[in-house]
Amino acid sequence: MTEASQLNDGRRDIERAIAELAARLPEPLAPVARVVYNYRWLWAHGSRSAISSISPSNWHQSRCKHYLIQSFPQAQIRALAGQSQFVARLQAAAEAIDADLRRPWAQTGIPPEHPVAYLCAEYGVHCSLPIYAGGLGVLAGDTLKAASDLAIPMVGVGLLYREGYMHQRIDETGWQQEYWTDVDFDRLPVVLVTGPDERPLTVEVLVRHRSVKVQIWRVDIGRIPLYLLDTDREDNHPIDRWITSRLYIGDRHTRLAQYLVLGLGGVRALAAMGIEPSLVHLNEGHGALSILERVRVRMAAGASVEEALAAVRQETVFTTHTPVTAGNEGYTQEEMEPVLGDFADRLGIARATFYGLGRVNPTNEQEPITLTALALRTSRVANGVSRRHGAVAREMWHPLWPERSVEGVPIGHVTNGVHTLTWMAGPMQALLDRNLDPDWRSRLCDAGLWQRIADIPDGDLWAARNALRARLIDYARERSMYDRLGSRGDRPDYVESAAAALDPTVLTIGFARRVANYKRLYLLGRLPEDGLMRLLADGPRPVQIILAGKAHPQDKEAKETIRRRFELRRDAQVARRMVFLEDYDLHMAPRVMAGVDVWLNLPRPPLEASGTSGMKIALNGGLNVSVLDGWWAEAYDGQNGWAIETPTGDPYQQDEHDARALLDLLEGEVVPLFYERDADGIPRRWLQRIKISMARLIPSFNAERMVRDYLERVYSTRPRT
Ligand SMILES: *Cc1c(COP(=O)(O)O)cnc(C)c1O
């Protein structure tokens, strides 16, 4: 980066926003401004609780919508400024964060002036920034956080969705309704990047033969800037302003326009800011059109098509997340041409060659064009997201390399991981502070350190687990009351009954994730011999279940699954022991994942590429009961949780088998083990299993290990000249 261009990367704009906020706060609270303008506070020791203690009621009720402190009443701000303890905590947090950000970049072979550009359609960093739908986005957010921790030069590029992702409401018939709300970006630590003239920096992208102006927002995730592109400007045509309105917008033509803005706009935005990446990491194919723009730039500088493609390939790596061919969105040439316009012609590439890049068989003009095929063909290295998914992807994409054996298909794997300090709840971190070496936060991949979990006194671990479960029950009751009252207008007695639902001492099973058919939430209703009712019945060993998850708006089958579960609530016993929480998101997920004892995962193999929620469970001391697929196929070792081995073959028979296996496992092993107590009321063997699960899973399935793997196995295999 040159001196002059450095001014354009948005840092100055962040500094200005901090200064403006600080000027509006009473002097002792000035450090708040620094802290809130970087999401680093989320995982800095002590600052998460300091920031969320600013206004617990505001924070929870608004579910993160009022993020910045200026939205709190003046009286409250004045009161806070007078609380010396709070001010001291905040000061300490601000200093710790500053010290972290001042560390030098790691010596990794990636020069800080040529960072890795990470392109993804969604990012899940925190609930206040609703530009994620689920696992893919949260993984991207966790990746940026870990890159910051490891001081690896990286910049994120995505889109700023004015209405974020859809919200879910369940109506009185049990049917999912979707709605969208405007995100108030003024209250978020997101700032518009300006140019030397102090006006918003823009780049132009030709979409459907119209020039669209794209502006750039910056948000800091630790030391990693995340740039978000936005077409909602007054000088754009109303249709074009709509392009970046909603994540995974229903209309496929607008979605394609989003991919164009992300791909072409992303490359141009980086150039406009003076950022020259040494490598582009496409996280899923949505940003793959960036390849074409980079080819164009090389050709404009004199390279031939072949030279440009070869050079761009050397600087591109690709991670695929989709284990079924049908999951890779395809477009016909007729659909792509109006959106891309004369891009191919301007490159001087024959259209057949151009569109052939996105086809498995480049000469088959009937074949739809997919971003995945484009990305695979034009990247130096590609990987799946678990060992098993790597193998599935090699088989699936074998037709792209017909001359090779399946094993020889150049797709490897880097197993996903989760950002430990984001996902581990406060009480569990406090337990580790008391029992592990004080520097455990900086030794997350040190398996030796995690062995020490075995020495934690059972009573302390059990107390932490009980506290986390109790917190979840409180949260679930409150949410469920709010759902009944707020969105369905249920009868008052029914609304109030939510306050008595669930029990903080009962074995709590969680199943919260996207409600897609392959995740098989419906299996719970197919347990043989009325198994679900038996589990939920009163008795010496009761079970309760917390469910959550959104169905895709067009997925009627998944909505029907939700409706069926919902229907069961008419039975008072079921209503007491099983709740469905609406609008699953990053506000709810950490609370649910920290509090449940058992996490159910029932995907139909091999459709779970990796899955990450089970990792978040493990680091909070929950146990996994999962089908052997995705990450669990390589993580399960016979002692660190439970597994269901799905037979291959007919889906109906798989369901029958797995429903039976699940019930047998729960009734035969899981439930009895949880309720097996010694004279002190402590479930010794249950805690033993938790310790094994934590000690073996945490050091391997975390985002730091994942980013190190990317560095060693993907980024630095670069034979660059
Ligand atoms: C971790 C996470 C996911 C991923 O869940 P899987 O079931 O493992 O795919 C999805 N949504 C949210 C909000 C998450 O935090």
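The model is predicted: local features need pLDDT of at least 70 and side-chain atom pairs pLDDT 80 or more, while totals for chains, interfaces and linings use all residues. Residues are numbered from 1 along each chain as its sequence is written, and side-chain values use heavy atoms, with hydrogens and water left out. Y179 belongs to strand β4 (residues 176–179); strands (E, at least two residues) and helices (H or I, at least four) are DSSP runs numbered from the N terminus. Y179 counts as partly exposed because its relative accessibility is 35% (buried is under 20% relative accessible area, exposed over 50%, partly exposed in between; 1.4 Å probe, protein chains only).

**D458 in helix α21.** Helix α21 spans residues 458–488 and includes D458. With a relative accessibility of 16%, D458 counts as buried. The side chains of D458 and R684 are joined by a polar contact of 3.0 Å (a pair of N or O atoms within 3.5 Å; within protein, one must be able to donate a hydrogen and the other to accept it, and residues adjacent in sequence count only if both atoms are side-chain atoms). Not counting residues up to four places away in sequence, D458 touches I682, R684, L687 and K691.

The ligand is surrounded by 13 residues, of which R513, K519, T612, S613 and K616 are the closest; a residue is near if one of its heavy atoms lies within 4 Å. Oxygen atoms of the ligand lie 3.0 Å from a polar side-chain atom of R513, 2.8 Å from a backbone N or O atom of S613 and 2.6 Å from a polar side-chain atom of K616. Of the 390 Å² that the ligand exposes when taken alone, the protein buries 93% (Shrake-Rupley method, 1.4 Å probe). Helices α8 (135–149) and α27 (613–618) are the elements that give two or more residues to this shell.

**The largest nonpolar core.** This core has 236 residues, and W450, W686 and Y715 have the most contacts inside it. A nonpolar core is a set of buried Ala, Val, Leu, Ile, Met, Phe, Trp, Tyr and Cys residues joined through side-chain atoms within 4.5 Å. Helix α29 (residues 651–675) supplies its largest share, 10 residues. Beyond four places in sequence, the contacts of Y715 include I110, V116, Y118 and M154.

Conventions. Contact = heavy atoms within 4.5 Å.
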